[in-house]
Amino acid sequence: MAISVMESESMAILCGDLFHDILGRLDGTTLASAACVCAAFCSISKQEKIWENVCHSVWPSTNRDDVRSLILSIGGYRKFYSDCFPLIVNKEVCLSHWDPYLDYPEGWAEAEYYGDLDVFGVSPSDFVSVVDVIYKDKSIYSKVLWGIPDSDSINGWFRNCPFRIDLLTSSDREHDHPKVTLSVDDGLPSVTCIERERKDGKLWKELRDGIRLSWIVVNKKLKQAANISSWIPLGGQRHWPTDRDFLIRFGSILPAKDILPCQVAECILVMKFRVTLITDGEGNQTTLELTELSLQIEDMEGSHVNGRNSLLVLKEALNCRRSKNYSEVLESCHIYSKVQSELKEEKMRYESRLDRLCILSGIAAFFSFCYYVL
């Protein structure tokens, strides 16, 4: 009898180790589904070590010790994955939000507007950016940015000027940081000349289809995180501003209720590559160098949002609805683009009416003047 009990316990331990090994090989979505199968799977799937490995496979930057401490301080890897793997979806965009007479929300005293952002429960030092660039499942660039650059400027420079974060700054190049490049060895097609690339676009298509971007914003004070990138490119431009430059755009639609007149804002993430053709004994070697990776926030009229309001928008994004369905993310961006186009057309019609009214007023004033003179 005792032997049977020992054998049962040994089998249970063996099965537990086997289940742990199996579940440890799954991706996050499959692991979450497996947790619903039975109590044993549910118990194993709650272990932080498994979710730590999942996060490492999706976001290589989470391997860093400082990022590990950050994730543990805001609730652990399981919570981090559930917050950052689903992408932001915001379909609450309506043309009726726009009005030519709308202004920024009232009720802000001058001291609040130009003063310390801590009055609104947000500070530049609370934010951490965890950024990963992936090409064909291979990490090519990772960076962790603590705080917001230049946010400690005096005289309210940061709060009142357009908000922008550049990860590839000139200081990086001055300190001889290694260049971020892609080559034929990484899966790029070989290009013999730029002229041919302009015709067939083979290199551009491979880059657009293979590149992925994750930009996670963490608020240490609120212990919240969100991925403000679309993961897959939303669009781009070939050969802009020069023949050798490729510009790829990612982003998301963020809520800005009681922050901006249009109640929504667009987070724009820009990635720029430069094509280099090196001729050697084996022929032309194609290389793409990452020259720009930046973040900025624009309102529906295309104006850059200042630093103060951008931080408030990022804070709101931490509580925004999210979805694992990428089609919903695309739909959210398409709705925003459609409403933005309608807004521009409406503004043009409004300005056209004003122009005609001014012309008619000028003509009427001219004839009135002539009438009284004569």
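**Close-up views of a predicted model**

**View 1. Pairing of strands E2 and E3.** In this predicted model, strand E2 (residues 127-135) pairs with E3 in the antiparallel sense, over eight bridges. Within E3, Lys143 is the bridge partner of Val131.

**View 2. The largest pocket.** This pocket has a volume of about 410 Å³. It is lined by 22 residues, of which Val58, Phe85, Asp137, Arg212 and Trp231 are the closest to its centre. Helix H4 (48-58), strand E3 and helix H11 (202-210) are the elements that each give two or more residues to the lining. By class, the lining has 11 nonpolar, five polar and six charged residues.

**View 3. The second largest pocket.** The space in this pocket is about 330 Å³. Among its 19 lining residues, Leu234, Arg249, Glu266, Ile268 and Ser337 are the closest to the centre. Two or more lining residues come from each of strand E9 (245-255), strand E10 (264-280), strand E11 (283-298) and helix H13 (326-373). Helix H13 provides the largest share of the lining, seven residues. The lining of the second largest pocket has eight nonpolar, five polar and six charged residues.

How values were computed:
Residues numbered from 1 in each chain as written. Predicted model: local features only at pLDDT ≥ 70, side-chain atom pairs only at ≥ 80, totals over all residues. Heavy atoms only, no water. Pairing = 2+ DSSP bridges. Helix = DSSP H or I, 4+ residues; strand = E, 2+ residues; numbered from the N terminus. 1 Å grid on protein atoms, 1.4 Å probe; cavity = no way out; pocket = protein on both sides within 12 Å on 5 of 7 lines; lining within 4 Å. Points joined across faces, edges and corners; volume = space filled by probe spheres on them. Nonpolar A, V, L, I, M, F, W, Y, C, P; charged D, E, K, R; others polar.
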